[in-house]
Every structure is written in C-alpha cells, then in structure tokens.
Amino acid sequence: MKNAVEIHSLNKTFDGMDYVLKNLNLNIPEGHITTIIGFSGTGKSVLLKHILGLVQPSSGRICVLGKDLAAMSPEELIDFRCHLGVLFQHAALFDDMTVLENVCFPIIEHRRNWETDAIIETAARKLKDSGMEEKHFHKLPSELSGGQRKRVGLARALALDPEILLYDEPTTGLDPILTEMVDDLIRTTHDKHPGSTSIVVTHDLHAAFNVGNFIVMLDKGGVLLQGNRDTFFKSDIPLVQSFLEKGFKKE
Amino acid sequence: MISAWMRTRDKIDKAIDNFFLSIWQTLIVLFSETGSIAFFCAESIKQIFTKPFRFDEIIKHMEFVGNKSLLIIMLTGAFTGMAMSYQIYLGFELVNAVNLVGPTVALGITRELGPVLTGLIVAARAGGAMAARIGTMRVSEQIDALEVMGIDAKQYLVSPRILAAFVAMPLLCGVFDFVAMTGAYFLCVKVLGLDEAIFWDKIQLWLNPRDINEGLIKSAVFGVLFSTICTYRGYNTKGGAKGVGEATNTGVVYSMVIIIVTNFFMTNIIRFYYKVMGIK
Ligand SMILES: Nc1ncnc2c1ncn2[C@@H]1O[C@H](COP(=O)(O)OP(=O)(O)OP(=O)(O)O)[C@@H](O)[C@H]1O
Ligand SMILES: [Mg+2]
C-alpha cells in the first residue's frame, strides 16, 4: 500500500524545552480516510500543520505524496500546496470577504482562465454541497455562527478538488444532524474523488470509527495506537479503553 | 563592615554587568531585526514584479493609504504652514528680513517638514492599520489559510502595500507642500500684510524645483520604510489579540523613529550629492 504521508521520528518544540511532538512515526495510507484522535492538547493540530509545511519540524522528516517537505524551496512548497485542501479548526475565513467570495477566492487564484460565471457557479455548488443556504452567501464571516463558518471553510477547502484533504475538527460545534451531514460529506467527497486521501482530526469517536478506515490515536506527542476499528476495540491499553468508554458513553 | 562593602560592590558590579549585557542584547536584536527587515523588504519588492500581478490589491491599498489620508494631510499642512510662517515672520522681523519669510518657509516645508510630517502621519494612520490587519490575519490563521491555498501570502499581503505606500506618499507630500504654502501665503499676505508680489517673487527666486523633488523622494523612501516595518511586524505577530496590539504599537513607533533618523541622513546625503555634482 502506498503512503500519502510518511513521518519519521518527528520532534517539535516551540520553546526549546517542552516537546509537543516527540519521536512521532506515522504512515498515512493513500486513498483512504484516516482519522486522528486524541485528547485535547496532544498536538493534533500541530501535526496537521507539519504535514502542510506551515510549521518546521525541530527534527525528523516528513514526506507528503512522496516528496520531502524539507527539501522543497518556498516556491515549490507553495505550488505543491495546491494539491492540499484544508479545513482549519477555527475555519480561518478571510474576514473582509463575503461567504461567496471566500469560496471563489482559491478558484480565481488557480483557475485564471475561467469565466466569472463558472467560478461563481462552482463556488455556489460547493457551498450548497456543504449545507450553506443561498441567503447567507453575501454575509461576512463575522455575521455567521460557528457552525456556519465551518461549513464555509469546508466548501473553500473543497473548492479546488484537492488530492489530500485535511480536516481539523470539522464537526466540533455543529448540531448532531449537521455533524452527520458533514461526516457523510467527508465520505461522499472521498468517494467522488477516487485515489484522494482524507485526514480527519476529530474528538467525535462516532465519526472517527464510522468515517475512517484507518485510525490513529495520539498521546503525549507520539502515536499511541494505530489500526482499524478492531485494533482499537481489542486493545488493552488503559488509555485507549478509557477514551473509547468515555467517548461512546457520551452519545 | 568589609563583608557588607563587598556585598554592595558585588551588587554594583552585577548591575553594571547587567547594564552592558542589556545594551549588548538590544544591539543584537536591533541588528538582527534590521537584517531580517531588510531581507523582508527586498523579497517583497522582488515579488511586486512576479506573477500574478495584483493590480486590484495595489489600487485598493493606494486608495487606503492615499485617498483616505488626504483630509488629515491637508489639515495638518494648512496649520503647519501657518504656524511656521508666523514664527519665521516674528524672527525675521527682528532683523528686518521679512521679505525672506516666503522662501524660508518654502524651503523648510518642501525639503523637511513636508516629507517628515507626511511620513509620520501616514505611518501612524496607514502603517498602524497595516500592522493590525496583517497581525489579525496571522493570529486567526488566515495567513496559514492563504499559504495552504498555494498563495504566496507575502506577495498577496505585503508587496501591494509597500508599492501603494511608495506611490501614494510623494503624492500626499505634494499635497502637503501645496496646502502648507497656501496657508503660509494666507497668513503672511492676508493677515500679516506682507507684499504679495514680493512674497511670490522671493519664493520663485530661492526655491528650486529640485528642492521639491528632494522632499518627494524622501517621502517615497519613508513610504517604503514605514510600510515595510509595519507589515513585517504584522506578519510576524505572535500570541493572540495582545500580540496584534504589540505589533501595531512597535510597528508605528519604529516607523516614526526610523523616519526621523533617516530624514537627517538623507538630508546630508543629498547635500553631499549636490556638492559632488557641483550643484549650488
Ligand atoms: N504556535 C505555538 N506556539 C507555542 N505552543 C504551541 C503553538 N501551537 C500549539 N502549541 C502547543 O502545542 C500543544 C498542542 O496543541 P494543538 O493545538 O496541536 O492541540 P490539539 O491536539 O489540536 O488540541 P485540540 O483538540 O484542543 O484542538 C499545546 O500544548 C499548545 O500549547
Ligand atoms: Mg486542534
């Protein structure tokens, strides 16, 4: 099986003393949905930023789609990122653009020969796919609820039909129905683009096990356990058991 | 007795050590910062000329830096011109040289006060806004979002702002000069009763187009300086809303200090150039 992302002995410290990621080894298979779970503050978002090349590792090696990120020049890295789509934890919408403009923006930037109508149509379709109603299209991000912002962020991440999609807690802050819808969306999006890889960071265990074919649990900056659903339910690591227990009891 | 003295001396020694250490550290920070700011500036200027060209952004920022500063620049210009000409009038009256008030004011405004005051005001207004805007984008991960979309954030956010400041500043400085001279004219001729013909005649005699150009060139340099410093500060913001406040604050303060210091050196360099070229 080919790997979309390969991480070898990754270490990261922000202040030189406290290691956020410690000797992390991880292979994320291509063409599957991988979910990353773990307690709050274990470095899941930081790990995603490493995969995106937004944060430099203190030591270790990261290969994405077979390319070593450290060996790329800044320009190459920027071009390379067109293959990636990201939904940030706090959506990170451009706050001076309307909802529609936010989704149009990456399309305008990368499909320079497209007609304006085609761009708007594509953006509107992506927005509707992610569950945004048309009446919100001309609002600014500051006028949206947290869940709505997430959906716009999702539409924007999907705008360019990327090969690897990264979702940082796509469903946190959404109501149960929307949560299910977004989970479905992640799966249908994945199915619509055969060969694409999705990486989903989530707190929602239900989604983690339903959406993901491959599950990784992080703890204290390293990989605690990885594998499929069965690996997790058969595991006798106390931390995994308590995480599963608490997570499923909540629902 | 002796040991008490020793302890005090130790403390003094330490204080002196600390003092030099802190100076040393400040110098290091200053130099490393200057280096990285210069690098940041060079890179951004290079990116003005790389595709895709961002005309929309450039126009937008020119409007923000230029158009929106116009009113405050005119206001400051008018009052500065009047205040300065009044002071100079009072001084020159003592030595019976009121005829020279016009050219003195004109030279002072076009060469020094015009570019410096324009620089300071626009740095505070537009520079502060640049630092705050880019800083907010940094802490709310919007810059990360830009980069993962495969957009060079520097090229999108920084370069258009520097170019806009570079173009808008001389225009604003020109407006400042004009309004300030109008203010001076109003005060000297209409209020203090100087002879109108002499006022303009002497200005024409002493003021060279080159003096005006000198001010305009200075102001363009100041535009690049403050926009670079403020965008650099914003771009490297760390730590939430507090970080944005700090970035804005240091950005504006650094810009102002740098403008005033650079002005002095530019004045000298330009004088030196004239001397070398044999221009009077
Ligand atoms: N830019 C940064 N500078 C310093 N420390 C950071 C930075 N970003 C993250 N950290 C630290 O790294 C650790 C992991 O943060 P991260 O955001 O990855 O957690 P997380 O696993 O995503 O948690 P959550 O589930 O709550 O989102 C935290 O302790 C945080 O303080
Ligand atoms: Mg997180």
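In this predicted model, the largest pocket holds about 1500 Å³ of space. A pocket here is an open set of points on a 1 Å grid over the protein atoms alone, with protein on both sides within 12 Å along at least five of seven lines, whereas a cavity is a set where a 1.4 Å probe fits but cannot get out; lining residues have an atom within 4 Å of a point. The volume is the space filled by probe spheres set on the points, which are joined across faces, edges and corners. The pocket is lined by 50 residues, and those closest to its centre are A:Leu54, A:Arg81, B:Arg138, B:Glu147 and B:Tyr235. H2(A) gives the most to this lining, with five residues; helices (H or I, at least four residues) and strands (E, at least two) are DSSP runs numbered from the N terminus. By type, the pocket lining divides into 17 nonpolar, 14 polar and 19 charged residues, where Ala, Val, Leu, Ile, Met, Phe, Trp, Tyr, Cys and Pro count as nonpolar, Asp, Glu, Lys and Arg as charged, and the others, Gly among them, as polar.

As for the conventions, residues are numbered from 1 along each chain as its sequence is written, while chains are lettered from A and ligands numbered from 1 in the order in which they are written. Local features of this predicted model need pLDDT of at least 70 and side-chain atom pairs count only at pLDDT 80 or more, though totals for chains, interfaces and linings use all residues, and side-chain values use heavy atoms, with hydrogens and water left out.

Turning to ligand 1, the residues around it, each with a heavy atom within 4 Å, include A:Phe14, A:Lys44, A:Glu169 and A:His203. Among its polar contacts (pairs of N or O atoms within 3.5 Å), an oxygen atom of ligand 1 lies 2.8 Å from a polar backbone atom of A:Gly41, and an oxygen atom is 2.9 Å from an N or O atom in the side chain of A:Gln89. The shell around ligand 1 divides into three nonpolar, seven polar and two charged residues.

Lastly, there is one cavity of 30 Å³ or more, and the largest cavity holds about 120 Å³ of space. Its lining has 14 residues, of which A:Leu84, A:Gly85, A:Arg156, A:Ala157 and B:Met149 are the closest to its centre. This lining divides into 11 nonpolar, one polar and two charged residues.

Terms used. Polar contact = N/O pair within 3.5 Å; in protein donor to acceptor, adjacent residues only side chain to side chain.
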